[in-house]
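My notes follow in the order I checked things.

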Amino acid sequence: MERYDIAVIGTGPAGLSAAVTATIRNKKVLLLGSKDLSMKLGKAHEIQNYLGFPAVKGEDLAAAFQRHLSQLGIEITEKRINAVYSMGEYFA
């Protein structure tokens with residue numbers, strides 16, 4: 001079984017940010033969620049409150065997120081999480 005330093009559950013903006021930050025800090029990251037990212041993001045006609053992007057279409061922001069993940073070599077694993085268990089010094 002492969003081990004990771006950090007598991008991030010969810011591919012919305014917060015989960016992606018956490019995965020990027022952990023990767024930059026040389027952590028081995030497992031990113032779990034939809035490869036289509038956040039459904040809400042893709043459906044947004046225009047987002048006006050995302051820092052650095054004053055008026056951006058949701059699909060354009062999602063594409064920027066995908067490019068960032070790709071540049072860092074972060075892959076999304078599409079698995080369902082039913083539970084997280086503490087195993088002492090690690091989680092399963």
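I set the terms before looking: buried means under 20% relative accessible area, exposed over 50%, partly exposed in between (1.4 Å probe, protein chains only). Helices (H or I, at least four residues) and strands (E, at least two) are DSSP runs, numbered from the N terminus. This is a predicted model, where local features need pLDDT of at least 70, side-chain atom pairs count only at pLDDT 80 or more, and totals for chains, interfaces and linings use all residues. Residues are numbered from 1 along each chain as its sequence is written, and side-chain values use heavy atoms, with hydrogens and water left out.

**Helix 3**

Which residues of helix 3 are buried? I found Gly58, Leu61, Ala62, Ala64, Phe65 and Leu69.

Next I checked what the buried residues of helix 3 pack against: helix 1 (13-24), strand 2 (29-32), helix 2 (39-43) and strand 3 (76-77). Contact here means heavy atoms within 4.5 Å. Just after helix 3, Gly73 takes a positive phi of about 75°.

**Core**

A nonpolar core is a set of buried Ala, Val, Leu, Ile, Met, Phe, Trp, Tyr and Cys residues joined through side-chain atoms within 4.5 Å. The largest one has 17 residues, and Leu31, Leu37 and Leu69 touch the most other members. Helix 1, strand 2 and helix 3 each supply at least two residues of this core. I then listed the contacts of Leu69, leaving aside neighbours within four places in sequence: Leu16, Val20, Leu31, Leu37, Ile74 and Ile76.

**Sheet**

Two strands pair if DSSP finds at least two bridges between them. I see an open sheet of three strands, order 1-2-3, with parallel pairing. Strand 1 (6-9) and strand 3 are the edge strands, each pairing on one side only. Four bridges join strand 1 to strand 2. Val8 has Leu31 of strand 2 as its bridge partner.

**Positive phi**

Most residues other than glycine have a negative phi. Leu37 has a positive phi of about 65° although it is not a glycine. Leu37 lies in the loop between strand 2 and helix 2. Is Leu37 buried or exposed? Leu37 counts as buried, because its relative accessibility is 3%.

Asn26 also is not a glycine, yet has a positive phi of about 60°. I place Asn26 in the loop between helix 1 and strand 2. Asn26 counts as exposed, because its relative accessibility is 70%.
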